[in-house]
Amino acid sequence: MTGRVALVTGGTRGIGRAIAEMLKDRGYRVVAVYGGNVEAAEQFHQETGIPVYRWNVADYAECEAGIHKVAEEVGPVEVLVNNAGITRDVTLHKMSYEQWEDVVHTNLSSVFNMCRVVIESMRDRGFGRIINIGSINGQIGQYGQANYAAAKSGIHGFTKALAQENAKKGVTVNAIAPGYVDTDMVRKVPHEVLEKIIAGIPVGRLGRAEDIARGVCFLAEDNADFITGATLSINGGQHMD
Ligand code: NDP
């Protein structure tokens with residue numbers, strides 16, 4: 001049992017929920033951050049006992065205040081999982097600036113915000129694990145997702161730069177690129193589109209949130225210290241790079 005403090009953004013639903021629960025099962029002291037769905041967060045807290053914190057990860061000042069509160073109440077963050085994300089799917093010729101901005105700020109600027117606030121303390125203490133949740137669509141693009149693909153692709157570049165900067169300080173920085181996973185986000189995709197997507201997945205099914213959580217737990221381990229700047233694709237074989 002590690003007892004290390006792990007913070008999961010978007011940790012109350014979907015993939016993040018599975019990550020939070022699996023880390024807890026493995027002995028981490030987990031906290032979950034959510035954006036606005038209080039009902040889901042309360043239910044999650046009641047069912048798991050994991051403390052929940054509400055703030056907007058797209059807002060730097062909220063991240064700063066929230067992480068300091070977590071440090072006081074639970075301890076300094078040693079494992080950071082940047083998982084919160086949204087979609088606003090629409091082709092570029094119909095995309096509003098707001099749809100672009102919402103996705104880029106929530107999915108990418110949030111990663112800067114969270115990392116910027118925790119990185120100095122991780123470096124000072126000589127230990128840190130940062131795991132950023134990208135996407136297969138950041139690797140290969142997707143129709144109707146110029147905003148999302150740009151943000152997720154940005155995560156992959158950010159991860160490699162941060163990994164280089166912190167490699168000598170005991171801080172590893174890695175990304176996971178999930179394929180299509182059965183969560184609320186994917187349930188918004190029209191049924192006929194989803195059927196076609198599943199037909200293109202060699203394993204023949206959507207991912208489960210636990211499939212992604214297992215990857216996070218692996219990268220979070222103390223002895224995963226030689227893995228940094230990597231992108232772990234967990235996608236049922238849909239894209240092999
Ligand atoms: P869900 O929509 O099921 O859950 C999203 C979570 O993020 C919720 O907990 C939500 O909080 C939180 N969140 C959203 N916006 C904010 C914000 N501004 N501040 C704080 N928290 C926020 O998403 P998934 O579980 O499907 O996806 C998780 C991650 O995995 C995302 O980054 C997504 O892009 C990525 N991904 C998902 C894939 C999939 O197929 N599902 C495929 C590839 C990548 P609240 O409950 O309050 O809304």
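In which crossing, right-handed or left-handed, does α3 pass α4? The crossing is right-handed. A crossing counts as right-handed if the near helix is turned clockwise from the far one by less than a right angle, and left-handed if anticlockwise.

This is a predicted model: local features need pLDDT of at least 70, side-chain atom pairs count only at pLDDT 80 or more, and totals for chains, interfaces and linings use all residues. Residues are numbered from 1 along each chain as its sequence is written, and side-chain values use heavy atoms, without hydrogens and water.

**The sheet**

Seven strands form an open sheet, ordered β3-β2-β1-β4-β5-β6-β7, with parallel pairing. Strands (E, at least two residues) and helices (H or I, at least four) are DSSP runs, numbered from the N terminus. Two strands pair if DSSP finds at least two bridges between them. At the edges lie β3 (52-54) and β7 (231-234), each pairing on one side only. From one strand to the next, the twist averages 20°. Strand β6 (residues 171-178) pairs with β7 over four bridges, in the parallel sense. Alanine 177 stands opposite serine 233 of β7.

Two helices on the sheet come next. Helix α9 (residues 209-220) packs on the sheet and touches β4 (79-82), β5 (128-133), β6 and β7. Its direction makes about 165° with that of β6. Helix α2 (residues 38-48) also packs on the sheet, touching β2 (29-34) and β3. Contact means heavy atoms within 4.5 Å.

**Helix pairs**

Axes are lines fitted to C-alpha atoms, for helices over the stretch in contact; angles run from 0 to 180 degrees between N-to-C directions.

| Pair | Angle | Axis distance |
|---|---|---|
| α3 (residues 60-73) and α4 (residues 97-125) | about 40° | 9 Å apart |
| α4 and α6 (residues 146-166) | roughly 15° | within 8 Å |

α4 is therefore roughly parallel to α6, whereas α3 and α4 are oblique to each other. Angles under 35 degrees count as roughly parallel, over 145 as roughly antiparallel, 65 to 115 as roughly perpendicular and the rest as oblique. α4 passes α6 in a right-handed crossing.

On the α3 side, Tyr60, Cys63, Glu64, Ile67 and His68 make the contact with α4. The α4 residues in that contact include Phe112, Met114 and Val118. Where α4 meets α6, the α4 residues include Trp100, Leu108 and Phe112. Among the α6 residues there are Tyr148, Gly154 and Phe158.

**A charge over a ring**

Arginine 4 lies over the face of phenylalanine 127, at 3.5 Å from the ring centre. The criterion is NZ of Lys or CZ of Arg within 6 Å of the ring centre and within 35 degrees of the ring normal.
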